[in-house]
Amino acid sequence: MFPAIESLAMTFPTLLADTNADFWFPIQGSSFAEEVDWVYDLILYISLAFFVPMMAFMVWCLFKYIKARGTKAESQISHHTTLELTWSIGPSVLLVWMFVQGSISFLDMRTPPEGSYDIGVQAFKWGWTMDYGNGTFHPELHIVKDEPTKLSMRSTDVIHSLFVPAFRAKKDIVPGRYNYMWFKPTVASEQISDEALAKIKKQSEGTTWDYDKVHTIQTEDGERELQVTPEGYTFFDLYCTEYCGKNHSEMQTVVVVHNTQAELEAWIKANSSRGDVSMEEWGELLYGRRGCSGCHSVDGTKLVGPSFKDLYGSQHALTTGENQVVDENYVRESIIAPKAKVVAGYQPVMPSYKGQLSDDDIASIIAYLKSISANAPSQPAGAEAESEEESAE
């Protein structure tokens with residue numbers, strides 16, 4: 001089966017099974033969705049009501065007034081004042097009404113309610129970082145059902161545009177200034193069972209988590225096909241809809257809607273620090289969560305930045321002509337001030353993570369880089385000397 005046909009075959013049953021989805025749009029996931037869909041549908045049907053008769057009349061005229069080649073043209077200078085006023089004023093009234101309806105919806109979308117839950121959004125080539133406060137950053141957007149949420153958005157490089165189709169919400173993010181948008185989600189995400197999630201993780205072991213993959217999951221209502229996050233939540237898609245460079249199409253993330261504020265706070269707490277996870281595992285999680293995977297491969301593939309494969313302990317040339325050994329200090333400096341020492345052959349496009357990663361986060365990333373590098377020393381620098389001193393004592 002062709003990919004496009006296969007995609008449609010998978011999509012239509014989902015749309016038909018979902019009472020909140022229609023033929024034109026995905027599920028209505030926010031308070032804006034119903035009003036936007038209603039205005040869109042009405043404008044569409046009004047347009048069709050004019051378009052179809054006009055096209056039919058044009059086709060009829062083609063046959064009605066056809067003349068043989070060489071026939072003298074007939075002059076027509078009469079007019080019908082009442083008819084001309086009707087077809088001019090009538091549609092104008094409809095157009096003004098459409099404008100007013102659109103303006104009402106637009107102004108509502110541009111006015112966040114007082115007390116909205118505020119989340120910082122940083123857009124960069126080619127990823128997203130959500131700031132939940134107190135040093136908690138994550139590429140996924142997590143919010144609460146039936147609570148107005150305001151996004152304070154900025155870009156570190158070029159123009160981006162945040163779009164959540166299910167919420168009917170879209171806003172450009174312009175470098176050098178803050179932009180705002182808000183919405184109130186009305187449909188909560190589901191969370192699959194621990195057993196189902198463990199089965200999916202086992203199948204995905206050794207690979208980067210694929211949000212686009214559809215999993216067949218056994219539920220109380222029978223088998224269902226779902227896309228889930230690494231923590232087992234279903235989600236809404238979030239895209240960049242302003243072309244921003246080579247990997248624009250990969251600048252995607254997800255929106256998870258929790259039922260209560262307590263659930264969201266529990267999720268934030270669980271993702272605010274390493275906890276009992278090993279440094280290597282936490283570093284690998286940060287590699288995926290903080291957008292490193294979009295620019296740095298782990299299999300040797302050349303992307304926007306140098307590959308992390310066998311990087312730690314190696315040497316590479318800088319744009320200044322100097323050679324640099326990749327050690328703890330260099331990795332830390334590259335995270336905090338990435339434009340200080342740029343590798344030859346690459347552009348200085350990496351954003352700074354100063355203030356976004358704790359010392360433990362940076363140490364965990366370093367530990368992860370060591371774990372995937374054949375050039376990493378078997379023990380930290382200086383450990384051998386400390387061992388000799390201990391032996392001497």
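## Surface and overall make-up

The protein exposes about 24,000 Å², of which carbon and sulfur atoms supply 56%; accessible areas come from the Shrake-Rupley method with a 1.4 Å probe, and for residues only the protein chains shown count as cover. The model is predicted, so local features need pLDDT of at least 70 and side-chain atom pairs count only at pLDDT 80 or more, while totals for chains, interfaces and linings use all residues. Residues are numbered from 1 along each chain as its sequence is written, and side-chain values use heavy atoms, with hydrogens and water left out.

Of the 393 residues of the protein, 35% count as buried. Buried means under 20% relative accessible area and exposed means over 50%, with partly exposed in between (1.4 Å probe, protein chains only). The protein has nine helices and 14 strands; these are DSSP runs numbered from the N terminus, with helices being H or I of at least four residues and strands being E of at least two. Among contacts (heavy atoms within 4.5 Å) between residues at least 6 apart in sequence, 60% join residues at least 24 apart.

## Nonpolar cores

In soluble globular proteins, nonpolar side chains tend to be buried together. A nonpolar core is here a set of buried Ala, Val, Leu, Ile, Met, Phe, Trp, Tyr and Cys residues joined through side-chain atoms within 4.5 Å. The largest such core has 38 residues, and those with the most contacts inside it are Trp-128, Leu-141, Leu-162 and Phe-167. Strand β12 (residues 252-258) gives the most to this core, with four residues. A second, separate core of 23 residues includes Tyr-287, Tyr-312, Ile-366 and Leu-369.

## A nonpolar surface patch

Trp-24, Tyr-40, Tyr-45, Leu-48, Phe-50, Phe-51, Val-52, Met-54, Met-55 and Met-58 make a nonpolar surface patch of about 1,000 Å². Patches are made of residues with over 30% relative accessible area and no salt bridge; like charges are joined within 9 Å, and nonpolar side chains (Val, Leu, Ile, Met, Phe, Trp, Tyr) within 5 Å. Phe-50, one of the patch residues, lies in helix α2 (residues 31-64) and is partly exposed, with a relative accessible area of 37%.

## Strand β6 and its partners

Strand β6 (residues 160-164) is mostly covered, with four of its five residues buried. Two strands pair if DSSP finds at least two bridges between them. Five bridges join β6 to strand β7 (residues 169-173), and the two run antiparallel; His-160 has Ile-173 as its bridge partner in β7. The two strands form a hairpin with four residues between them, and Arg-168 in the turn has a positive phi of about 55°.

Strand β6 also pairs with strand β11 (residues 236-240), in the antiparallel sense and over two bridges. In this pairing, Phe-163 has Tyr-239 of β11 as its bridge partner.

## Salt bridges

Side chains of opposite charge can pair when their charged atoms come close. A salt bridge is a side-chain nitrogen of Lys or Arg within 4 Å of a carboxyl oxygen of Asp or Glu, and a search of the whole structure finds six. One of them joins Asp-172 and Lys-170 at 3.6 Å, N to O. Both residues are partly exposed: Asp-172 has a relative accessible area of 30%, and Lys-170 is at 46%.

Arg-224 and Glu-190 meet at 2.8 Å, N to O. This pair links distant parts of the chain, 34 residues apart: Arg-224 is in strand β10 (residues 222-226), and Glu-190 is in the loop between β8 (179-183) and α4 (194-203). Asp-359 and Arg-332 form a further salt bridge at 3.0 Å, N to O. Asp-359 lies in helix α8 (residues 359-371) and Arg-332 in helix α7 (residues 328-336), so the pair ties together parts that are 27 residues apart in sequence. Asp-359 counts as exposed at 54% relative accessibility, whereas Arg-332 is partly exposed at 36%.

## Met-350 in the loop between α7 and α8

Met-350 is found in the loop between α7 and α8 and is partly exposed, with a relative accessible area of 29%. Beyond its neighbours within four places in sequence, Met-350 is in contact with His-296, Ser-334, Ile-335, Pro-338 and Lys-339. The C-alpha atoms of Met-350 and Lys-339 are separated by 7.4 Å, although the two residues are eleven apart along the chain.
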